[in-house]
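Have the coordinates open as you read.

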Amino acid sequence: MSAILSMDRYSLFRLLREGLGGHTGWKPAWRTPDPKPEYDVVIVGGGGHGLAAAYYLAREHGVGRVAVLEKGWLGGGNTGRNTQIVRSNYLYPESAAFYELSLKLYEGLSKDLNFNVMLSQRGIVTLAHSRHDLDSVARWANAMIVNGIDAEVLTRQQVRDLIPAMNWGPDARYPVLGGFIQRRAGMARHDAVAWGYARAADARGVDIIQNCEVTGFLRDGGRVVGVETSRGTIRAGRVGLAVAGHSGVLAAMAGFRLPIVSYALQAMVSEPIKPVLDTVVLSPSTGVYVSQSPKGEVVVGGALDLFPSYAQRGSFRTTEDVIAGFCEMFPGLRRLRMMRQWAGITDVVHDSSPIIGPAPVEGLYLNCGWGTGGFKAIPAGGFTFAHLLATGTPHPLTTGFGLDRFHTGRMIDEAAAAGIAH
Amino acid sequence: MMQIPCPWCGPRDEAEFLCGGQTHIARPNLESSDQEWGRYLFERDNPKGLHFERWLHRMGCQQWFNLARDTVTHEIKAVYRMTDPKPEVTE
């Protein structure tokens, strides 16, 4: 029986059948195997990137023996802590091609994984609050159009028609003069992306091992040939790291440093309210971005705590700044109560572009440096990382994203398109 | 929210300060290779735990100083001047 047939497919027919049968026939979406002594590829990190890489390793490259090791639970790190935004509005050709692949994979993902990732292409509006913002918005949209990606510059009135709930009064502290929209951007359910990839990878034979923390690397000469974990030693042909904010910790374990600093990025959600906002709003000047989840919660994302941090809570000082910006932009929502606030540890790189390539140690490969924008990159990050882990050489789309750029000087500086000031 | 003890002004709110990142980074000589220069410019320790870092009291006395701080608990273990050697601190 082929791997895909062994997957317990979800469908309307299946739902009806289970409904009539009292929902007793549903099986767990993935197995909980014990680690085997050896794999072809071991991926450290059971977030979106690690799980997606495992899935594409099995599907695109036919690599059979793959394990994903997660120290906590699946999607419990940044994959479950982001604000669910997907977009491909970047400035430079390398990034545009990469993030556009990601958005295209997202567009087919629910069908591909047989798991509803609740993609909602409701558009993302980037606001301009000053004459200078208008110039940078025009430049940004033009760069996207040159790269073949959809973008439309909007007038003040067009933004107002899209987002009537904003502060349009004459005394607005941050008046909106215009903006631009990428209509194909939007949001997807972050947990579903992790679970969907996990279920589809598991169906293709990938071992997903939770509560398994890597404590060291197994070496043969200089080469990494496996990992030491809290559940024993696991040998591997190749080891991939997809651990986002903890990349520096794993790198130190392997004896090298990375051009990465970890910062806490926070977000918060309000109590659910009736639909008031049907697009994603990003205000680079106030450092605030806002959307409304399908449940009705208003999701507010904000700035980084600008000092190195591994605390997944975020500083109250930044919370105050974010809330102040939000209240000014949406005065009608200022009496909302916030239900939850949290932070994810982001792996920020000097040029705000990812690192996908071989590590300085043989046998070890990197998928990191996503900074504040890892969620949108999950499908393409996984797809290209799988190529790297299967072949040992970078995917053509990611040849510019290696570590060598930090001494050749060929940076891909996406700081302006990152959305959040670094 | 941190309260940071400025060596000149005393304890003040985190909002008054700017973090300048890792401290005690020695500049390599000008004949160094591109690789060495790249490491100097971009590679950082980025530890989970004790970190030695520079801070500027931007909204106060505008002086730079060093902190030894835990990056998980944000507990400040030592405060010392820019020219002081790295102090002995236990995690």
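Start with the largest cavity, whose lining is made up of 14 residues. A:Tyr90, A:Ser352, A:Trp370, A:Thr372 and A:Gly373 are the ones that lie nearest its centre. Keep in mind that this is a predicted model. Sorted by class, the lining of this cavity has seven polar, five nonpolar and two charged residues. The space inside comes to about 90 Å³, and a search of the whole structure turns up one cavity of 30 Å³ or more.

Now turn to the place where the chains meet. Here 25 residues of chain A are in contact with 26 residues of chain B. Together the two chains bury about 2200 Å² between them, with 54% of that area on carbon and sulfur atoms. On the chain A side, A:Arg257, A:Tyr310 and A:Arg317 supply 31% of the area buried against chain B, more than any other three residues.

Across the interface, the rule finds one salt bridge. As for polar contacts, the count between chain A and chain B is twelve residue pairs, both residues being at pLDDT 80 or more.

Which elements of chain A give two or more residues to the side that touches chain B? They are helix H8 (247-254), strand E12 (260-272), strand E15 (297-308), helix H9 (316-329) and helix H11 (405-408). By class, this side of chain A has 13 nonpolar, seven polar and five charged residues.

Notes:
Residues numbered from 1 in each chain as written. Chains lettered and ligands numbered in written order. Predicted model: local features only at pLDDT ≥ 70, side-chain atom pairs only at ≥ 80, totals over all residues. Heavy atoms only, no water. Contact = heavy atoms within 4.5 Å. Buried area = accessible area lost by both parts, 1.4 Å probe. Salt bridge = Lys/Arg side-chain N within 4 Å of Asp/Glu carboxyl O. Polar contact = N/O pair within 3.5 Å; in protein donor to acceptor, adjacent residues only side chain to side chain. Helix = DSSP H or I, 4+ residues; strand = E, 2+ residues; numbered from the N terminus. Nonpolar A, V, L, I, M, F, W, Y, C, P; charged D, E, K, R; others polar. 1 Å grid on protein atoms, 1.4 Å probe; cavity = no way out; pocket = protein on both sides within 12 Å on 5 of 7 lines; lining within 4 Å. Points joined across faces, edges and corners; volume = space filled by probe spheres on them.
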